[in-house]
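This report examines the structure shown below.

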Amino acid sequence: MKQSGIRINENNIIIVATLLLIVLLYGFGSFSFTGFFSMQVFLNLFIDNAYLIIVATGMAFVIITGGIDLSVASFVAFVSMVSASLLQHGINAYLVIFITLVIGILFGAGQGYLIYRFQLHPWIVTLAGMFFARGLCYLINTESIEITDNTFIALSDYKVYIMGENYISLGAVISLLFVAGAMFVSKYTRFGRNVYAIGGNVNSAKLMGLPVAKTTILVYTLSGFSSALGGFVFTIYMQSGYALHLMGMEMDAIAACVIGGILLTGGVGYLLGPTLGVLSMGIIQTIIMFQGTLSSWWTKIAVGFLLFLFILLQRLIVIKRGKKKILSLSEPTSKPETAGQHVTIS
Amino acid sequence: MNSEYMLKAENISKAFPGVKALSDVDFCLRKGEIHSLMGENGAGKSTLIKVLTGICEKDQGQIFLENQLINPGTAEEAQRLGISTVYQEVNLCENLSVAENIFIGREPKKKGKIDWKEMYQKADQLLKESLNIDIDVKQTLSSYSTAIQQMVAIARAVDISSGVLILDEPTSSLDNNEVKKLFEVMRNLKSKGMGIIFVSHFLDQVFEISDRITVLRNGQLIGEYQTNQLSRTDLVSKMIGKEWGESSNTRKKNAPKFGERSFLRTNRLEKKGSINPIDLTIKKGEVLGLAGLLGSGRTETAKLLFGIDSSDEGVLVIDNNEIKSMNPRLAIEKGLGFCPEDRKVEGIVGELTIRENIMLALQTKKGMFNYIPMKDQRVIAQKYIELLNIKTPSMEQRIENLSGGNQQKVILARWLATNPKLLILDEPTRGIDVGSKAEIRKLILELAAEGMSILFISAELEEMVACCDRVIVLRDRYQIGQLEGEQMSVSNIMEMIAEGAGVVEAGIK
Amino acid sequence: MRQALNNFIQTKIFWPFVALVLLLVINFIMIPGFFQITVKNGHLFGSLIDILNRVVPLLVIAIGMTLVIAKEGIDISVGSVLAITAAAAASLLQTTSVPIAILLALVIGLICGLWNGILIAFLEIQPMIATLILMTVGRGIAQLITGGQILTINNDAYGYVGKGFLLGLPFAIYIGLAVFGIILLLKKKTALGLFLESIGTNMSSSKFAGVQPKKIILIVYMISGICAAIAGILVSSNVSSADANNAGLWIELDAILAVVIGGTSMRGGRFFLGGTVIGALFIQTLSTTIYSMGIRPEIIMVVKAIVVITVCLMQSEEFRKLVKQLKWKKKVSEA
């Protein structure tokens with residue numbers, strides 16, 4: 001009965017589909033455009049999307065519990081704003097990083113508390129969080145603030161060389177480490193497993209004596225932290241703080257999770273998924289860029305179409321799961337006849 | 001106190017608003033025994049279990065676990081004390097692997113991280129040794145049948161438990177072989193000294209597996225019996241509540257006036273896993289009863305006729321037209337009405353007013369754009385409020401604010417307003433006051449006299465005998481017989497439920 | 001009279017109404033001339049007229065949203081649908097006449113709503129997720145229609161819809177009243193309201209009584225789509241252009257807020273069209289107040305966020321329990 005190795009099942013079918021999609025898209029790009037198939041073009045996907053990888057991975061934890069966090073994009077913008085503003089006032093760069101991370105944790109924990117303690121809908125609470133963070137941005141400054149701090153510039157210019165001339169940025173390194181950490185947490189810690197259990201069936205999780213309250217609040221805290229970290233990475237990437245940064249990015253993060261196989265109904269998904277989702281969206285963008293004549297809004301339409309396909313795929317899996325039971329204690333041959341017939345003892 | 005007791009509950013009382021769910025109930029579970037808890041709806045079985053497992057707080061009484069006074073406040077605490085429960089609805093996480101479901105919250109760790117290898121090995125070993133099943137524990141739980149999921153739940157419970165295991169209707173979704181397998185496991189656990197509380201609606205299973213039976217009725221302890229000293233008939237009468245041989249109420253109604261023309265007829269209508277093939281005919285103006293214990297298929301039959309559930313096989317004929325696929329909307333068009341058993345969930349629409357609740361079915365019959373003018377609505381609502389004697393200050397009250405009996409009358413009014421040809425009444429008198437009960441019974445007889453057909457389901461057999469022209473008896477999801485005229489008495493019905501009508505049963509096999 | 005007042009206090013509209021009045025009183029005290037209405041060229045002008053005029057797109061969308069929320073759903077694609085229909089109308093006007101352009105824009109809104117409805121009723125995707133798809137794609141489609149530019153509209157007849165005056169009042173106000181009236185008529189003169197509230201309160205009881213939820217869900221989302229289309233026409237006509245990126249940005253949030261303030265619960269069931277009107281007016285008055293008081297307009301978002309959370313907390317049973325406990329403790333400690 002026992003097997004080892006990788007099997008395609010309902011848990012990983014989406015991730016297999018996503019990998020296939022990436023290969024196809026990348027193959028298509030390489031075939032169609034000269035200069036597409038280069039190491040640096042590939043690495044640029046990580047450099048340009050480092051913040052999104054971090055934010056989407058943090059969001060994945062929330063989605064696996066069956067919740068959502070809409071405040072992420074606004075919060076990334078907020079972090080860019082706070083960092084730029086604090087640096088303008090001459091505060092130490094590392095202290096600034098520390099402060100923004102702490103604010104992220106507190107912000108996330110606050111949202112989590114409201115959601116769990118008062119049983120408010122996560123969409124509504126984080127929607128308010130989104131307004132709140134964006135509004136605070138405007139309050140700090142409505143104009144874009146340039147960052148001139150030396151430490152931030154140094155961090156921004158920092159390059160890690162891979163195979164000769166090719167490099168990735170510090171942000172990309174942070175994002176990859178974050179993903180690795182997230183994968184470890186999801187697989188090897190009780191917190192990680194409880195996240196899945198809650199997403200699978202909250203009532204069962206309660207009856208099995210799992211710490212549902214703590215885990216729920218912690219998950220939003222984690223998402224707040226990852227938004228802050230993503231915000232930091234984004235800030236050194238953009239070198240500026242601006243209230244209008246990343247309008248609507250929360251939808252990109254959700255789309256990345258969906259395309260990466262995180263089930264929106266909760267309970268299922270690998271933490272590598274969001275990264276793959278981000279990459280496939282990044283490749284689409286790169287293709288459209290290389291193509292030259294297509295306008296940028298085609299990215300939105302293509303991503304939206306992918307989103308639709310993957311939501312449909314998710315829905316099919318959920319429907320199928322309700323029907324399929326591969327093993328039963330009864331002999332398969334005897335089942336149709338005996339099903340339901342009552343036990344007779346004499 | 002005797003130390004052979006594993007778990008002992010004394011003088012347990014529990015009241016919910018308006019209902020005394022348990023009064024002064026004692027219950028003892030000994031080491032190495034399987035003890036069945038029996039009772040009809042509202043007997044207090046589930047409340048007792050909830051009290052024992054810490055989900056419900058008791059008002060009075062004491063619980064001892066191996067002579068230690070315990071007072072579990074949450075499910076988690078009961079679990080820690082060693083009382084584990086497996087519920088009818090498997091309370092596990094389908095998205096996780098089998099091994100995880102057994103060990104979640106208690107995962108083996110190595111160097112601070114979860115040791116998956118160890119976990120898989122332990123799970124595998126546990127399933128093989130104590131339950132004798134060999135499955136791939138790395139697979140997600142959702143890929144296994146309900147039976148295996150149940151086994152996994154039991155494995156988790158056994159691993160946590162220190163000797164008390166509660167199985168709350170574990171067999172209701174299992175087939176024969178699966179039940180056999182479960183019983184093997186239970187016997188195995190029993191031989192290891194575990195005490196098992198078993199709750200089931202299936203009489204046969206209870207007699208096969210249990211050593212002792214405790215019967216509850218209306219929140220009171222009827223008694224504790226050794227299984228081998230109790231006959232089925234005795235058990236049924238203790239559950240339903242009339243002593244054997246007591247003068248059986250025969251029909252007081254006048255001789256039937258209904259014609260021979262059948263209004264509704266089924267031919268081997270069935271839904272797999274819910275109700276086995278059933279043949280019934282309802283004539284115009286006839287009151288047909290469906291008798292049987294809880295879970296015998298009475299409600300399932302009603303839902304099939306009204307199109308809430310769809311049938312897999314068989315034929316349904318209404319007014320000489322064969323209905324291919326039934327749905328509630330079509331049922332209403334064909335002149336059916338259905339007062340469901342679960343009034344709160346399936347009957348009332350809580351936020352709406354009495355008037356709106358009464359108008360709902362008539363309005364669906366007329367269609368969305370054929371709105372009944374407010375003036376007419378008031379007239380209709382007022383008519384039924386008076387006719388059924390619904391006690392309310394105004395028809396614009398929310399139905400939530402009414403008492404159970406009055407809510408039931410509103411649901412009745414909802415269907416009467418559609419002027420149905422066949423009214424299906426599933427436990428219309430359950431959980432309501434005595435006065436309303438009598439009124440509803442009287443109404444049933446009046447309606448039938450006016451020519452309406454009625455399918456009547458009730459757990460109270462006297463009520464059935466008093467109201468019905470004919471009774472079809474169900475047991476364990478099978479139609480086992482029919483009684484009418486002089487034969488139709490409480491004792492005969494009980495006997496048939498307990499022993500089955502040999503001829504009919506043989507026909508099925 | 002007293003009885004009538006008491007009845008009014010009992011209704012869900014009372015508190016939002018009080019909040020609105022309070023806001024107006026603040027305006028009366030703080031801003032001189034707030035209530036002043038002048039007549040210029042036979043048209044009425046003034047802050048109040050301005051509020052009534054500007055609130056219409058939000059109001060129309062919020063009315064559609066009220067129906068959607070009543071069945072325990074949500075439609076977050078309305079902003080994108082608004083952008084699509086605005087773009088479509090603007091681009092159609094280059095080739096066709098005004099009535100046809102408006103009609104086609106309405107049909108597009110209807111199709112968008114139908115799409116959402118099918119995903120929700122037949123594929124049984126959660127409303128938030130289903131409408132998320134159109135929300136994401138919608139702006140892309142709008143940009144596709146406009147070719148990425150801001151389309152300008154030079155058509156006086158079309159401009160009348162959003163900018164014109166009728167009998168001294170902005171024409172848009174009449175459209176708002178008409179939409180409100182039609183939906184009110186649907187609620188009062190057909191069984192849609194009854195079925196909707198029934199499904200939103202108790203889905204299984206409703207099914208047992210023969211209500212067909214799928215049909216109702218389709219209708220409700222189609223109405224929401226048409227409402228978004230009407231708002232799209234109003235907005236594009238008012239500013240004489242269609243901006244795929246910014247038209248109707250975040251209007252879904254304002255609409256949800258208006259509905260919730262108006263007393264309709266996110267858990268579905270009873271819905272209050274009058275409450276939604278008050279809610280929408282409250283939001284618009286709040287914005288106008290902040291602008292005219294010279295407070296930095298950026299603070300609106302923060303205020304809205306706080307209002308949303310407060311309103312939701314007040315609807316939360318857990319919160320009410322907590323408040324009750326606190327009151328009880330206070331009583332105990334006083335005794």
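## Burial and dimensions of chain B

In this predicted model, buried residues account for 51% of the 509 residues of chain B. The chain comprises 18 helices and 22 strands. Of its contacts between residues at least 6 apart in sequence, 68% join residues at least 24 apart.

Along the principal axes, the C-alpha atoms of chain B occupy a box of roughly 75 × 55 × 45 Å.

## Helix H13 of chain B

Helix H13 of chain B covers residues 374–387. Its end C-alpha atoms are 20 Å apart, in agreement with the 20 Å that its 14 residues should span at 1.5 Å a residue. Just after H13(B), Asn389(B) adopts a positive phi of about 60°.

Gln377(B), Ala381(B), Tyr384(B) and Ile385(B) are buried in H13(B). Viewed down the helix axis, the buried residues of H13(B) fall within an arc of 105°, so they line one face of the helix. They pack against helix H12 (354–366) and helix H14 (404–416) of chain B. On the other side of H13(B), the residues Lys375(B), Asp376(B), Val379(B) and Glu386(B) are exposed.

## Interface between chains C and A

Contacts link 29 residues of chain C with 34 residues of chain A. On the chain C side, helices H7 (127–146), H15 (299–315) and H16 (317–334) each supply at least two residues. The largest share, 11 residues, comes from H7(C). By class, this side of chain C has 20 nonpolar, five polar and four charged residues.

Notes
Residues numbered from 1 in each chain as written. Chains lettered and ligands numbered in written order. Predicted model: local features only at pLDDT ≥ 70, side-chain atom pairs only at ≥ 80, totals over all residues. Contact = placed C-beta atoms within 7 Å. Helix = DSSP H or I, 4+ residues; strand = E, 2+ residues; numbered from the N terminus. Nonpolar A, V, L, I, M, F, W, Y, C, P; charged D, E, K, R; others polar. Buried ≥ 20, exposed ≤ 12 C-beta atoms within 10 Å, placed from the backbone. Expected span 1.5 Å × (residues − 1). Arc of directions from axis to C-beta.
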